[in-house]
Amino acid sequence: MTEPETNYLVLARKHRPTSFSGLIGQDAMVRTLKNAIATGRLAQAFILTGVRGVGKTTTARIIARALNCVGPDGTGGPTAEPCGICEHCRAISEDRHVDVIEMDAASRTGVDDIRELIEGVRYRPVSARYKIYIIDEVHMLSKQAFNALLKTLEEPPEHVKFIFATTEVRRVPVTVLSRCQRFDLKRVELETLVRHLARIAADEGVKIAPDALRLIARAADGSVRDALSLLDTAIARGPEAPGNPIEDSQVREMLGLADRGQVIGLFDTVMAGEIAPALATLSELYTNGADPAVVISDLLDICHWLTRLKLVPDAPNALEIPAAERKHGEEMAQKLSIASLARAWQMLLKGLTEVHLAPAALPAAEMILVRLAYAAELPNPAELVRKLSGESEGQAPGHGGTRSQIRQPANSGPPRRPQSFDSDSYAPETHDDGRPRAAAGMGAALARPARQPDSAAETAEAAVPLESFEAAVALFDAKREAVLHAHLVTDVHLVHFESGKIEIRPGPHAPANLANRMGELLGRWTGRRWIVTVSKEEGAPSLKKQADAKDSRVRAEAAADPLVRAVLEAFPGSTIERVRERDKPDEDPVR
């Protein structure tokens, strides 16, 4: 009976590159490093950053071999193509070289560890050309450790090189980054990773279907190490029958993935509002081993793909997908609008978080499909307005503006300017300090005068004509007399107004010196004398009450419009929030 082999190496270690030519997907970095080695322009420190499994530590070891290789005859110098034969190349590959020190910053984060490292920097290498320090996950070092390293990192001895690797370069202090030559290792592209996996599978004598390799590469998300680990798992599971290749169905089961064709069909069904077939498809996928969270994630991927089909003409050719799926996707893209796809994306994106947080993933995913199916049947705002107003398909509502026009009811008197409405809820607007805003449309007399620049001599300002009490009140707001302006709006009743003379009846909450203060400030601002007297006559309602009355009248007129009434009936509980003239900005003239 044969004993099982105990010295098996996982694929990620067995097929680790030992030279720059073995690195995949990092052409820019490889070219730069080769040129630097060939010309002798070597930095004292390198920092390699990128996502997990793209080759940061592997690159660091290749650099160490390239700098210390002496060739088969022992007389060579630094080279971009390490021989792999000399003692230094073999010792570095086997992680036993005394002059290549690797340190895991995740487990040795303190300043004492760095001080120990710095203490050894001053000693020359035992046998190699360079003493090389490789610090993995360097972002885990403490602040004190980074500070202790700075001076040595800036001016190390000529026989020392530092190589840092990190997945979170943003956590590395800028003072450290400025002393290093930085290389950003990017995610390996899907097709490049598929070819790499196929080559390794061939070397291992394993038959595996191309679609299965593509699923593994997609699940790895650009990480070579993750892809090799998944390939290792797929090989361990083996084919369904001896001698047969590993099929994509086995890989889908291993990864908990749903069939892409079924997911496309599920998206088509749910966007058509057919909830019962959609739930049945989801239940079937779940029974076959698909993770509900992965199904929702795949639906997001389909939604993004269909959006690209509508916006980018060559998107079908850019994505490596089967012809049948591509044809189905093109048909779906023609039926769906960008608005519906964008709405589906937002709902699925929010739903993915709900699935992860829910105590049971399947019911949460089903509820997401229910919401998505019912939302797919809702008309967009343009269709709703067209339906309520009874306009034809080819006729735009209103006059082509972005807001619905309010038409005057029959027998409502002289025509008024068209106004627009927003229906949700109504609440009187207030300023930041609690003062109520008056309604828009009070008239040109309430328009805020331009703010004059302050000067040392305000009495020298040009005369400002004030043709109404409202204009005088607005001047107080323009001059930033907030307290007086609030009293004039809410607590003052106008009895008589003429140029240079104002007669008012202050309310019980108005200050006692309001009339004197008002006359003084108006005289200073306008350059002429103003007499403000107090009367016992009733006078007109305050500006606040006038604005509220106008608001109520305008809202009542808007609510009487047939189109507005139809919208309010279609959405029970909704109210008119604001009414303003279409061609005028939404401003507050009283303020």
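What follows is a chat about how the helices, strands and rings of this predicted model get their labels.

User: Quick ground rules first: what counts in this model?

Analyst: It's a predicted model, where local features need pLDDT of at least 70, side-chain atom pairs count only at pLDDT 80 or more, and totals for chains, interfaces and linings use all residues. Residues are numbered from 1 along each chain as its sequence is written, and side-chain values use heavy atoms, with hydrogens and water left out.

User: What makes helix 12 roughly perpendicular to helix 14?

Analyst: The axes of helix 12 (residues 260-271) and helix 14 (residues 292-311) cross at roughly 75° and come within 10 Å. Axes are lines fitted to C-alpha atoms, for helices over the stretch in contact, and angles run from 0 to 180 degrees between N-to-C directions. The cut-offs are under 35 degrees for roughly parallel, over 145 for roughly antiparallel, 65 to 115 for roughly perpendicular, and oblique for the rest. So helix 12 counts as roughly perpendicular to helix 14. Helices here are DSSP runs (H or I, at least four residues), as are strands (E, at least two), numbered from the N terminus.

User: Which residues meet where helix 12 touches helix 14?

Analyst: From helix 12, Arg 260, Val 263, Ile 264, Leu 266 and Phe 267 take part; among their partners in helix 14 are Val 295, Asp 298, Trp 305 and Leu 306. Contact means heavy atoms within 4.5 Å. By class there are ten nonpolar, no polar and three charged residues. Nonpolar covers Ala, Val, Leu, Ile, Met, Phe, Trp, Tyr, Cys and Pro; charged covers Asp, Glu, Lys and Arg; the others, Gly among them, are polar.

User: And why are helix 12 and helix 13 called roughly antiparallel?

Analyst: Helix 12 and helix 13 (residues 275-287) pack at about 155°, with axes 9 Å apart. That angle falls in the roughly antiparallel class, hence the label. Their crossing is left-handed, meaning the near helix is turned anticlockwise from the far one by less than a right angle (clockwise would be right-handed). The contact includes Gln 262 and Thr 269 of helix 12, and Pro 277 and Glu 284 of helix 13. Its residues split into five nonpolar, three polar and one charged.

User: What makes strand 2 and strand 5 edge strands?

Analyst: The open sheet of five strands has the order 2-3-4-1-5, with parallel pairing. Two strands pair if DSSP finds at least two bridges between them. Strand 2 (100-104) and strand 5 (181-184) each have a single partner strand, so one side of each has no neighbour in the sheet.

User: How do you know that strand 1 pairs with strand 5?

Analyst: Four bridges join strand 1 (residues 45-49) to strand 5, against a requirement of at least two. The two strands run parallel, and Thr 49 stands opposite Asp 184 in strand 5.

User: Why is the pair of Phe 46 and Phe 183 called stacked?

Analyst: The structure holds five aromatic pairs. In this one the ring centres are 6.3 Å apart and the planes stand at 25°, so the pair is stacked. Rings of Phe, Tyr and Trp (its six-membered ring) pair if their centres lie within 6.5 Å; under 30 degrees between planes is stacked, over 60 is edge-to-face, and the rest are tilted. Phe 46 is in strand 1 and Phe 183 in strand 5, so the pair ties together parts 137 residues apart in sequence.

User: What about strand 7 and strand 8: how do they run?

Analyst: Strand 7 and strand 8 (residues 501-506) run antiparallel, joined by six bridges. Val 492 stands opposite Pro 506 in strand 8.
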